[in-house]
Amino acid sequence: RGRRREAARLDPSRPETHLLLARLHERAGRHQEAIREANLALGLQKSVDANLLLAKIYLEQDKLAEARKHAQQALEVEPENVAARSVLKTIEMRTP
């Protein structure tokens, strides 16, 4: 864990570094940190994975508009992405 944080400090220009940190934070239940890191990754490069991670977190928090936005952004990059379509389907089922 310490090495990964150090890598991010050494090369914050790599979106993969921020995405890795976002995943680690998400797995540890630190959602705000995960959101911050995923957004940093997106600021550096369009990323299906970062958008899907954000969509998942926002879906878990019942923030459906945010989840929808990130699932749609993932589909803009990868129109046939099954995970993004699944998020959108879940949102449809939750929306009255």
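Me: Is Asn-51 buried or exposed?

Reply: This is a predicted model, in which local features need pLDDT of at least 70, side-chain atom pairs count only at pLDDT 80 or more, and totals for chains, interfaces and linings use all residues. Residues are numbered from 1 along each chain as its sequence is written, and side-chain values use heavy atoms, with hydrogens and water left out. Buried means under 20% relative accessible area, exposed over 50%, and partly exposed in between (1.4 Å probe, protein chains only). Asn-51 has a relative accessible area of 3%, so the class is buried.

Me: Which residues does Asn-51 touch, not counting residues up to four places away in sequence?

Reply: Asn-51 is part of helix 4. Contact means heavy atoms within 4.5 Å. With residues up to four places away in sequence left out, the partners of Asn-51 are Leu-42, His-70, Gln-73 and Ala-74.

Me: What relative accessibility does Gln-73 have?

Reply: Gln-73 belongs to helix 5, residues 64-77. The C-alpha atoms of Gln-73 and Ser-47 are separated by 8.7 Å, although these residues are 26 apart along the chain. Gln-73 counts as partly exposed because its relative accessibility is 27%.

Me: Are helix 4 and helix 6 roughly parallel or roughly antiparallel?

Reply: Axes are lines fitted to C-alpha atoms, for helices over the stretch in contact, and angles run from 0 to 180 degrees between N-to-C directions. Angles under 35 degrees count as roughly parallel, over 145 as roughly antiparallel, 65 to 115 as roughly perpendicular and the rest as oblique. The axes of helix 4 (residues 48-60) and helix 6 (residues 82-94) come within 10 Å and cross at roughly 20 degrees. The two helices are therefore roughly parallel.

Me: Which residues of helix 6 make the contact with helix 4?

Reply: On the side of helix 4, the contact is made by Leu-52, Ala-55 and Leu-59. Its residues divide into seven nonpolar, one polar and one charged, where Ala, Val, Leu, Ile, Met, Phe, Trp, Tyr, Cys and Pro count as nonpolar, Asp, Glu, Lys and Arg as charged, and the others, Gly among them, as polar. Helix 6 contributes Ala-83, Ala-84, Val-87, Thr-90, Ile-91 and Arg-94.

Me: How are helix 5 and helix 6 oriented, roughly parallel or roughly antiparallel?

Reply: The axes of helix 5 and helix 6 are 9 Å apart, and the packing angle is about 150 degrees. The orientation of helix 5 and helix 6 is therefore roughly antiparallel.

Me: How many charged residues are in the contact of helix 5 with helix 6?

Reply: Helix 5 takes part through residues including Ala-67, Arg-68 and Gln-72, and helix 6 through residues including Arg-85, Leu-88 and Arg-94. By class, the contact has nine nonpolar residues and one polar residue, while the number of charged residues is three.

Me: Which residues does Gln-61 touch, not counting residues up to four places away in sequence?

Reply: Gln-61 sits in the loop between helix 4 and helix 5. With a relative accessible area of 27%, Gln-61 is partly exposed. Leaving out residues up to four places away in sequence, Gln-61 touches His-31, Gln-32 and Ile-35.

How values were computed
Helices (H or I, at least four residues) and strands (E, at least two) are DSSP runs, numbered from the N terminus.
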